[in-house]
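Thanks for coming. I will go through one model this morning, and I will take it feature by feature.

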Amino acid sequence: MSIIKRCFDAVVVGGGGAGLRAAIQLSEAGLKVAVLSKVFPTRSHTVAAQGGIAASLGNVTPDNWHWHMYDTVKGSDYLGDQDAIEFMCRKANEVIYELEHFGMPFSRLPNGKIYQRPFGGQSQNYGGAQAARSCAVADRTGHAMLHTLYQRNIRANTHFFVEWMALDLVRAADGSVLGVTALEMETGEVSLLQAKATLFATGGAGRIFHASTNAFINTGDGLGIAARAGIPLEDMEFWQFHPTGVAGAGVLITEGVRGEGGYLLNKNGERFMERYAPNAKDLASRDVVSRAMATEIKEGRGAGKDNDYLLLKLDHLGPEVINSKLPSIREIAMKFANVDPIKDPIPVVPTCHYMMGGIPTNYHGQVVAPQGNDPEVTVPGLYAVGECACVSVHGANRLGTNSLLDLVVFGKAAGDHMVEYIRSTPTHRDLPKDAGDFTEARLARLENQSSGESVAEVGAAMQKVMQAHCGVFRFPDLLQEGVTKILQVADRVARTEIKDKSKVFNTARVAALELDNLIEVAVASMVSANARTESRGAHDRADHPKRDDANWMKHTLYLKNGNQLTYKPVHLKPLTVESFEPTTRTY
């Protein structure tokens with residue numbers, strides 16, 4: 001196979017919010033930038049974000065970044081790194097005004113200021129009254145952000161490789177990253193994209209679960225590539241289940257519905273969240289609400305003929321509020337649940353939504369990997385931002401609307417750091433002689449495998465194992481059994497065969513390559529979850545129901561080689577303010 005080589009100053013893998021924000025900084029600095037995206041950039045999964053982006057503007061309720069930081073640390077169940085959280089919360093207002101100046105069409109208050117709605121886990125005065133911190137564009141905030149950032153990139157002459165898939169890292173003998181190999185999905189042509197700096201912004205990997213709010217493109221590509229290259233994955237046991245996915249479909253119903261005054265009911269018409277979170281009620285943090293819902297269903301209070309979902313009521317808000325502030329939600333409910341929320345409640349269940357773990361980075365977006373006794377050594381030339389990265393600002397549980405903030409704050413920070421790094425590297429380094437060999441071997445395996453298993457069947461087996469053994473509630477026997485089963489599935493992945501070897505759009509080939517990435521994420525998640533013997537945030541173990549700060553106030557690092565686990569300390573010291581000491585988390 002001949003591999004075409006192309007040179008750039010920077011390669012950005014992923015055309016969602018994080019990748020586009022970083023690319024703006026790079027392109028506007030006059031650098032030659034390539035953005036690879038499996039789909040047209042405005043179809044990236046950021047487009048599905050509905051409810052808002054967090055910032056302490058104080059347009060509706062009093063607010064400041066200290067309160068936002070407190071809520072984020074508390075929401076993370078104290079596993080978030082407080083230096084990174086301070087950095088994000090202090091930058092929030094600045095990036096919102098920057099997006100406004102880029103042309104993002106925020107919804108407005110009567111006084112002309114940016115509209116803000118309440119969201120779960122947001123408070124005034126360190127846990128006091130409910131705050132309204134989510135800057136929104138109706139219920140299409142991610143859609144508006146993505147179009148705004150894409151247009152800015154077009155103005156800056158960013159070079160887009162649309163319908164391309166990154167395959168593997170190219171590394172020098174000293175571990176520095178020199179670019180990626182990539183597949184043009186339409187033609188099957190493989191290229192080596194050489195770069196002085198490479199950024200992963202490949203999003204989440206929710207497709208490891210059978211029921212997910214994630215798009216089919218969310219296959220953990222950056223994580224799979226990193227794991228194969230010997231880079232650790234951090235905190236992979238922490239998966240957020242969003243309380244309100246449409247029952248039977250998994251499509252997201254934004255937390256903004258509850259922020260606007262909607263609430264959850266069981267089959268008896270009871271507002272059950274008052275029992276689980278007496279103060280925050282339906283706007284408690286997502287892990288709390290999801291566990292409450294799972295408990296209601298488990299104890300027989302679910303609705304429907306099989307008692308397997310709950311009801312999200314918003315008809316009391318009235319047609320005007322629903323049509324002006326939640327128009328897409330009405331459309332989704334009618335399409336996917338056959339329900340008009342102006343008249344009837346929406347059937348909802350907790351659904352896999354967000355990956356709190358990812359590729360370890362610092363708050364400049366630099367990828368860090370352990371070296372000897374030092375867990376904070378950076379990988380030269382490699383950056384990661386967004387959901388594929390673990391900064392860690394979300395810790396054990398992410399607060400709603402902090403994800404879009406994460407994208408733009410750290411996308412910009414990584415872009416700035418990459419500009420400096422690239423300018424200090426005047427020429428491209430020589431590529432190793434074996435650059436691309438690993439990718440060629442992987443593709444050859446897929447081409448030459450015969451009598452192998454179906455990619456679709458093995459992928460379905462992986463999703464079934466993850467759904468059954470690593471869900472909202474986790475049990476010791478199921479976790480141990482899950483490790484055995486997921487390793488068996490991993491062996492099957494290595495024997496998958498492309499049944500349709502047609503090169504027309506390479507759909508079978510792409511699916512096989514995506515499964516290679518998904519299984520890395522699935523194994524990392526199951527092994528890490530089995531090892532963490534405490535309950536913290538989204539990780540809830542029946543045999544260890546309490547948080548254990550004495551033994552588990554630390555980040556998990558999973559290494560593919562031998563499925564090894566090591567650990568590193570949480571950064572409890574912020575940049576400028578006093579630490580928020582761990583306390584019992586109540587809502």
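What volume does the second largest pocket have? The answer is about 600 Å³. Before going further, please keep in mind that this is a predicted model.

Let me stay with that pocket. It is lined by 23 residues, and those closest to its centre are Asp77, Arg291, Asp540, Pro545 and Arg585. By type, the lining of the second largest pocket splits into 9 charged, 8 nonpolar and 6 polar residues. Helix 8 is the element that gives the most to this lining, with 5 residues.

Take Asp77 from that list. Asp77 sits in the loop between helix 2 and helix 3, and helix 3 covers residues 82-102. Is Asp77 buried or exposed? Asp77 has a relative accessible area of 6%, so it is buried. The side chain of Asp77 also has a partner: a polar contact of 2.8 Å joins it to the side chain of Arg547.

Next, the cavities. How many cavities of 30 Å³ or more does the structure hold? There are 2.

The largest cavity has about 60 Å³ of space in it. Its lining is made up of Trp239, Gln240, Phe241, Arg286, Asp287, Ser290, Arg291, Val472 and Ala538. Two elements give two or more residues to that lining, namely strand 11 (239-246) and helix 8 (286-298). Helix 8 has the largest share, 4 residues. Sorted by type, the lining of the largest cavity has 4 nonpolar, 3 charged and 2 polar residues.

Around it are Met356, Gly386, Ala389, Cys390, Val391, Ser392, Val393, His394 and Asp406. Of these lining residues, 5 are nonpolar, 3 are polar and 1 is charged.

The peptide bond from Val391 to Ser392 is cis, and its omega is near 5°. Ser392 is placed in the loop between strand 18 (389-390) and helix 11.

Helix 11 (residues 402-423) contains Lys412. Is Lys412 buried or exposed? Lys412 is buried, because its relative accessible area is 14% and the cut-off for buried is under 20%. The side chain of Lys412 makes a polar contact of 3.0 Å with the side chain of Glu98.

Now to the aromatic rings. The structure holds 14 aromatic pairs. One of them is Tyr70 with Phe580, an edge-to-face pair with 5.5 Å from centre to centre and 70° between the planes. Why does this pair tie together parts that are 510 residues apart in sequence? Tyr70 belongs to helix 2 (residues 65-75), while Phe580 belongs to the segment after strand 22 (564-569), so the pair links those two parts. Tyr70 is at 16% relative accessibility and therefore counts as buried. Phe580 is buried too, at 17%.

Phe161 and Trp164 make another edge-to-face pair, with centres 4.9 Å apart and planes at 85°. Both Phe161 and Trp164 are buried. Together with Phe8, these two residues form one aromatic cluster.

Rings can also have a charged side chain over the face, and I have two cases. Arg207 lies over the face of Phe216, at 4.2 Å from the ring centre. Lys554 lies over the face of Trp552, at 5.0 Å from the ring centre.

Ala138 has a phi near 50°, which is a positive value in a residue other than glycine. Where is Ala138? Ala138 is in the loop between strand 5 (130-135) and helix 4 (141-155). With a relative accessible area of 15%, Ala138 is buried.

Lys281 also has a positive phi, near 55°, and it too is a residue other than glycine. Lys281 lies in the loop between helix 7 (273-276) and helix 8. At 29% relative accessibility, Lys281 counts as partly exposed.

Note on methods:
Residues are numbered from 1 along each chain as its sequence is written. This is a predicted model: local features need pLDDT of at least 70, side-chain atom pairs count only at pLDDT 80 or more; totals for chains, interfaces and linings use all residues. Side-chain values use heavy atoms; hydrogens and water are left out. Rings of Phe, Tyr and Trp (its six-membered ring) pair if their centres lie within 6.5 Å; planes under 30 degrees apart count as stacked, over 60 as edge-to-face and the rest as tilted. Buried means under 20% relative accessible area, exposed over 50%, partly exposed in between (1.4 Å probe, protein chains only). A charge sits over a ring if NZ of Lys or CZ of Arg is within 6 Å of the ring centre and within 35 degrees of the ring normal. On a 1 Å grid over the protein atoms alone, a cavity is a set of points where a 1.4 Å probe fits but cannot get out, and a pocket is an open set with protein on both sides within 12 Å along at least five of seven lines; lining residues have an atom within 4 Å of a point. Grid points are joined across faces, edges and corners, and a volume is the space filled by probe spheres set on the points. Ala, Val, Leu, Ile, Met, Phe, Trp, Tyr, Cys and Pro count as nonpolar, Asp, Glu, Lys and Arg as charged, and the others, Gly among them, as polar. A polar contact is a pair of N or O atoms within 3.5 Å; within protein, one must be able to donate a hydrogen and the other to accept it, and residues adjacent in sequence count only if both atoms are side-chain atoms.
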